[in-house]
Amino acid sequence: MNLGKAVNIEDLRRLARRRLPRILFDWIDGGAGDESALRQSIEAFAATRFVPRYLANITSCDLSRQLFNRTYDLPFGVAPVGYAGLFWPGGELAMVEAARRVNAPFILSNSAVATIEEIAAVSSEHTWFQLYPARDRAVTEDLIARAEAASFDALVLTVDLPVQAKRERDIRNQFSLPIRYSARNVLDGVAHPAWALQWLRQGGLPKMGAWAAYAGKGASAEKIAEYMRNQQYTPQSWADFERYRSLWKRKLVIKGLQHPDDAARALALGCDGLIVSNHGGRQFDRGPTPLASLPPIKRAVEGRAPVMIDGGVRRGADILAALAHGADFVFCGRAILYGVAAAGLPGALRGFDILADELKRTLGQIGLKRVADVSEDILSR
Ligand SMILES: Cc1cc2nc3c(=O)[nH]c(=O)nc-3n(C[C@H](O)[C@H](O)[C@H](O)COP(=O)(O)O)c2cc1C
């Protein structure tokens, strides 16, 4: 199968699995613990049923959605995913370019290979910056200042990593950055020559864009990766959140809260929006699915700020399910990343295309012409 023959996200996943060394594919694909949170997040969407309404004279379909004073052509965008540039050279640049072309938001991960400035040069209007606060406060403040200088619309603070997750595929594969050139990893690379050739051509491990500036002048990619690792998993408190709020003047979004009281507290402290998320099942295997957390959070927020969601979207109908349960916007991590890992920019565009096409067909089937008309009334209870 090639990209042109990929008819759904699962096909993109298969293409990514074929092209990537196992250690990298598993890092994208896997989840924490038994991977039950990962599975159940997907299943919760798949279990959502809609009641079709016919004779609705469907002639066109409008997928546009307003969010933070912008109108996007799609009600979904790209969630922050780390290390995309390891899977395809310029992986993050492919994602932001795809987002620009389809007019959807892209959240740049703090663990990206591309720099903040490289992404801004493609499109600052479509980019938000996701922050993993560093141990060194001056570094965190500088990252925020760089995102501000890049004119990104929003800062996304990811809060659901108080500890390092137990991801068993990664433990078994001995995944770490810098990647160790063990005999097993070298054989894994040799068995995936298309990826390995690109890897060698770009000079092996690329530098981690956001962190390179702080690891010391002329630091190698390996040193930068080590520096990044040592700076992450910084303990975070509400006081830290207040500090970021005072430093960042534009929209501030929290990603990863699942308790309604936490959502209410975030709003009281000046948060502008929430992404209800379980980190794609990668962090806490016994947490609720994002779809289950969404309605109580919506009630707590009482319309004061957009409530977005990510985690488990593999079909256009999943996006509709999220919107019908009250999400104001939807983000996709793996669905687009599989495409990037399979084929770079055309793969990212294919991911968008598949999801948008499925969403349109589902909307038409239930008799709606506009995403803006979606409500819980379409759900089959
Ligand atoms: C490979 C991978 C890397 C990720 N890296 C980050 C990251 O750097 N920052 C972050 O906030 N979330 C990260 N996430 C979580 C995503 O932003 C998002 O919450 C998750 O992918 C949603 O689930 P889905 O993949 O089922 O769409 C990552 C997810 C994946 C799959």
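A nonpolar core is a set of buried Ala, Val, Leu, Ile, Met, Phe, Trp, Tyr and Cys residues joined through side-chain atoms within 4.5 Å. In this predicted model, the largest such core has 113 residues. Phe87, Leu177, Trp211 and Leu274 have the most contacts inside it. Helix 17 gives the most to this core, with 8 residues. A second core of 13 residues is separate. Leu67, Ala154, Val156 and Met308 are among its members.

Start with Leu177. Setting aside residues up to four places away in sequence, Leu177 touches Tyr83, Leu86, Leu205, Met208, Ala225, Met228 and Arg229. Leu177 also takes part in a cis peptide bond, which joins it to Pro178. Omega there is about -5 degrees. Pro178 itself sits in the loop between helix 8 (168–173) and helix 9 (183–190).

A polar side-chain atom of Lys255 lies 3.0 Å from a ligand nitrogen. For His279, a polar side-chain atom is 3.3 Å from a nitrogen of the ligand. Gly333 uses its backbone: a polar atom there is 2.9 Å from a ligand oxygen. On its own, the ligand has 600 Å² of accessible area, and the protein covers 98% of it.

How much of helix 2 is buried? Of its 8 residues, 7 are buried, so the helix is largely enclosed by the rest of the structure. The buried ones are Ile23, Leu24, Phe25, Asp26, Trp27, Ile28 and Asp29. The list includes the acidic residues Asp26 and Asp29.

Helix 3 spans residues 36–46. Its buried residues are Ser36, Ala37, Leu38, Ser41 and Phe45. What covers them? The cover includes helix 2, helix 15 (290–301), strand 9 (307–310), helix 16 (316–324) and helix 17. An α-helix has 3.6 residues a turn, so residues three or four places apart point the same way.

Ser41 is worth a stop within helix 3. Its relative accessibility is 2%, so Ser41 counts as buried. A polar atom of its side chain lies 2.6 Å from the backbone oxygen of Ala37. Beyond residues up to four places away in sequence, Ser41 touches Asn278, Thr289, Pro290, Gly311 and Gly312.

Move to strand 7 (residues 251–255), where Leu252 is found. Is Leu252 buried or exposed? Its relative accessible area is 0%, and the cut-off for buried is under 20%, so Leu252 is buried. Leaving out residues up to four places away in sequence, Leu252 touches Leu155, Phe241, Tyr244, Arg245, Cys271, Asp272 and Gly273. Leu155 is 97 residues apart from Leu252 along the chain, yet their C-alpha atoms are separated by 5.0 Å.

Cys271, one of the contacts of Leu252, gives another distance. Cys271 and Ala196 are 75 residues apart along the chain, and their C-alpha atoms are separated by 43 Å. Ala196 is found in helix 10 (residues 193–201). At 15% relative accessibility, Ala196 counts as buried.

Finally, two loops hold backbone features. Phe68 lies in the loop between strand 1 (65–67) and strand 2 (70–72). Phe68 has a positive phi of about 45 degrees, although it is not a glycine. Glu302 is in the loop between helix 15 and strand 9. Its phi is near 50 degrees, again positive in a residue other than glycine. Which is buried, and which is exposed? Phe68 counts as buried, at 17% relative accessibility. Glu302, at 62%, counts as exposed.

Notes: Residues are numbered from 1 along each chain as its sequence is written. This is a predicted model: local features need pLDDT of at least 70, side-chain atom pairs count only at pLDDT 80 or more; totals for chains, interfaces and linings use all residues. Side-chain values use heavy atoms; hydrogens and water are left out. A polar contact is a pair of N or O atoms within 3.5 Å; within protein, one must be able to donate a hydrogen and the other to accept it, and residues adjacent in sequence count only if both atoms are side-chain atoms. Accessible areas come from the Shrake-Rupley method with a 1.4 Å probe; for residues, only the protein chains shown count as cover. Buried means under 20% relative accessible area, exposed over 50%, partly exposed in between (1.4 Å probe, protein chains only). Helices (H or I, at least four residues) and strands (E, at least two) are DSSP runs, numbered from the N terminus. Contact means heavy atoms within 4.5 Å.
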